[in-house]
Amino acid sequence: MSHLIAPSILAADFANLQRDVEMINNSEADWFHIDVMDGMFVPNISFGIPVIKAIKKHAKKPMDVHLMIVDPDRYIKDFKEAGADIITVHYEVCNHLHRTIQAIKAEGMQAGVVLNPHTPIRVLEDIIIDLDLVLLMSVNPGFGGQLFIENTYKKVIQLKDLIEKSGSKALIEIDGGVNDKNAPKLVAAGADVLVAGSFVFKSENPTETIAGLKSF
């Protein structure tokens with residue numbers, strides 16, 4: 001499988017959101033990556049259900065919703081109704097992770113777990129077989145435009161090893177500071193999905209930037 005590109009809506013121009021959604025539709029991107037922040041688990045607040053519903057009206061590709069919120073179980077049905085195809089939840093906030101993953105799948109969505117940069121891969125050993133996706137944060141969550149954490153390559157290799165040994169079919173997704181310099185190294189290490197925000201939307205030609213990330 002060729003690697004997937006998921007532009008992060010967090011870096012889009014909110015005053016021209018439909019324009020940016022259409023740009024992604026017409027590009028070589030594979031998914032929409034949508035960061036939901038609650039101001040509690042992370043210091044920032046982004047957007048919620050109404051904005052996701054608005055994006056869904058125009059989006060022609062799967063919506064990958066990354067919940068940076070406490071107690072995500074409360075909102076699983078709401079995000080499904082808003083248009084989410086994939087939901088990822090943070091290991092760091094889920095007291096009953098298996099239950100949360102099961103609830104996401106029961107709504108007909110793909111389910112994934114997110115690990116912060118300081119969280120080791122080994123915490124997934126008992127759940128990796130149940131996951132469709134593992135999202136590794138390559139920056140600390142909560143803000144766009146941060147510098148990529150170099151230790152991420154090592155974690156990708158460790159995660160790939162765990163996936164292969166367990167027989168899991170989980171994809172490896174990377175979020176934070178992805179650009180044309182580190183993207184080839186991430187894919188070589190085993191990453192399947194690359195989230196790119198500022199690197200895409202702050203470029204002179206986002207469509208060409210996406211094509212460049214997809215091309216190697």
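Of the 216 residues in the protein, 51% count as buried. The model is a predicted one. It contains eight helices and eight strands. The radius of gyration of the protein is 16 Å, close to the 17 Å given by the globule rule for 216 residues, so the protein is as compact as a globular protein of that length. Along the principal axes, the C-alpha atoms fill a box of roughly 45 × 35 × 30 Å. When contacts between residues at least 6 apart in sequence are considered, 64% join residues at least 24 apart.

The accessible surface of the protein comes to about 9,800 Å². Carbon and sulfur atoms account for 50% of this surface. The protein carries 21 positive and 28 negative side chains, and the centres of these two sets lie 1 Å apart.

Helix H4 spans residues 97-106, and its buried residues are Leu97, Thr100, Ile101 and Ile104. Viewed down the axis of H4, the buried residues fall within an arc of 95°, so they line one face of the helix. In general, an α-helix has 3.6 residues a turn, so residues three or four places apart point the same way. On the other side of H4, Arg99, Gln102 and Ala106 are exposed. The cover over the buried residues of H4 includes helix H3 (76-82), strand S4 (86-90) and strand S5. Gly108 follows H4 and has a positive phi, near 85°.

A buried position is also found in a loop. Thr119 belongs to the loop between strand S5 (110-115) and strand S6 (133-137). The relative accessible area of Thr119 is 5%, which is under the 20% cut-off, so Thr119 counts as buried. With residues up to four places away in sequence not counted, Thr119 touches Tyr91, Glu92 and Lys155.

Ile52 lies in helix H2 (residues 49-56). This residue counts as buried because its relative accessibility is 0%. Apart from neighbours within four places in sequence, Ile52 is in contact with Ile34, Val36, Met63, Val65, Phe79 and Ala82. Between Ile52 and Ile174 there is a separation of 122 residues in sequence; in space, the C-alpha atoms of Ile52 and Ile174 are 21 Å apart.

Methods. Residues numbered from 1 in each chain as written. Predicted model: local features only at pLDDT ≥ 70, side-chain atom pairs only at ≥ 80, totals over all residues. Heavy atoms only, no water. Helix = DSSP H or I, 4+ residues; strand = E, 2+ residues; numbered from the N terminus. Rg over C-alpha atoms; globule rule 2.2 N^0.38 Å. Buried < 20%, exposed > 50% of the residue type's maximum accessible area, 1.4 Å probe, protein only. Contact = heavy atoms within 4.5 Å. Areas by Shrake-Rupley, 256 points an atom, 1.4 Å probe, with all protein chains shown as cover. Lys, Arg positive; Asp, Glu negative; His and termini not counted. Charge placed at Lys NZ, Arg CZ, Asp CG, Glu CD. Arc of directions from axis to C-beta.
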